[in-house]
Amino acid sequence: PKTYYAEVSGKLGDSEVSAFAEGMDLGDFIAQPSEMTIVSSDDDKSAAEVTIYEGKFHQIKRMFKAAGSEVLYLKRLSMGQLQLDETLEPGKFRPLTGSEIDLLKSWN
């Protein structure tokens, strides 16, 4: 699983949560069911956390577009059990710690 935080245009509601949970036809592939939790939502802008179980090209952006919203900001929060380092600036990286490597090796 990969979890993302997204800020999108427009209001998100139960219908979008259901669409993500059912899986979505994105034209060239059908996105598997995913989990969306709405963090905030108003008429102009919403925020959500989305967990997907595959990783196709621009999948999150394409799923929101299919649901009628445009992604304004997107950040990956985790991959499997590995929580990504919140202190890293965009485009920066750091070596993994030994425990992080062990966690990835144990990931199914």
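## Exercises on a predicted model

Lys 56 lies over the face of Phe 29, 5.8 Å from the ring centre; a charge sits over a ring if NZ of Lys or CZ of Arg is within 6 Å of the ring centre and within 35 degrees of the ring normal. The model is predicted: local features need pLDDT of at least 70, side-chain atom pairs count only at pLDDT 80 or more, and totals for chains, interfaces and linings use all residues. Residues are numbered from 1 along each chain as its sequence is written, and side-chain values use heavy atoms, with hydrogens and water left out.

**Exercise 1. Determine the order of the strands in the open sheet and identify which strands stand at its edges.**

Step 1. Helices (H or I, at least four residues) and strands (E, at least two) are DSSP runs numbered from the N terminus, and two strands pair if DSSP finds at least two bridges between them.

Step 2. S4 and S5 pair in the antiparallel sense over six bridges, with Met 36 opposite Val 50 in S5.

Step 3. Seven bridges join S1 and S6, also in the antiparallel sense; here Tyr 5 stands opposite Lys 75 in S6.

Step 4. S6 and S7 (residues 82-83) pair antiparallel over two bridges, and Ser 78 faces Gln 83 in S7. These two strands form a hairpin with two residues between them, and Gly 80 in the turn has a positive phi of about 60°.

Step 5. The five strands form an open, antiparallel sheet in the order S4-S5-S1-S6-S7. S4 (35-41) and S7 stand at the edges; each has a single partner strand, so one side of each is left without a neighbour in the sheet.

**Exercise 2. Describe the two aromatic pairs found in the whole structure.**

Step 1. Rings of Phe, Tyr and Trp (its six-membered ring) pair if their centres lie within 6.5 Å; planes under 30 degrees apart count as stacked, over 60 as edge-to-face and the rest as tilted.

Step 2. Tyr 5 and Tyr 73 are edge-to-face, at 6.2 Å centre to centre with 65° between the planes. This pair links strand S1 to strand S6, its residues being 68 apart in the chain. Tyr 73 has 39% relative accessibility and counts as partly exposed (buried means under 20% relative accessible area, exposed over 50%, partly exposed in between, with a 1.4 Å probe and protein chains only).

Step 3. Phe 20 and Phe 64 form a tilted pair, 4.9 Å centre to centre and 50° between the planes. Phe 20 belongs to helix H1 (residues 14-22) and Phe 64 to helix H2, 44 residues apart. Phe 20 is buried at 0%, and Phe 64 is likewise buried at 0%.

**Exercise 3. State which residues touch the most other members of the largest nonpolar core.**

Step 1. A nonpolar core is a set of buried Ala, Val, Leu, Ile, Met, Phe, Trp, Tyr and Cys residues joined through side-chain atoms within 4.5 Å.

Step 2. Of the 17 residues in this core, Phe 20, Met 36, Val 50, Met 63 and Phe 64 touch the most other members. Strand S1 (2-9), strand S5 (45-52) and H2 each supply at least two residues.

**Exercise 4. Characterise the surroundings of Ser 69.**

Step 1. Ser 69 is found in the loop between helix H2 (59-66) and strand S6 (71-79), where Ser 69 is buried at a relative accessible area of 8%.

Step 2. Not counting residues up to four places away in sequence, Ser 69 touches Val 8, Ser 9, Leu 12 and Phe 64 (contact means heavy atoms within 4.5 Å).
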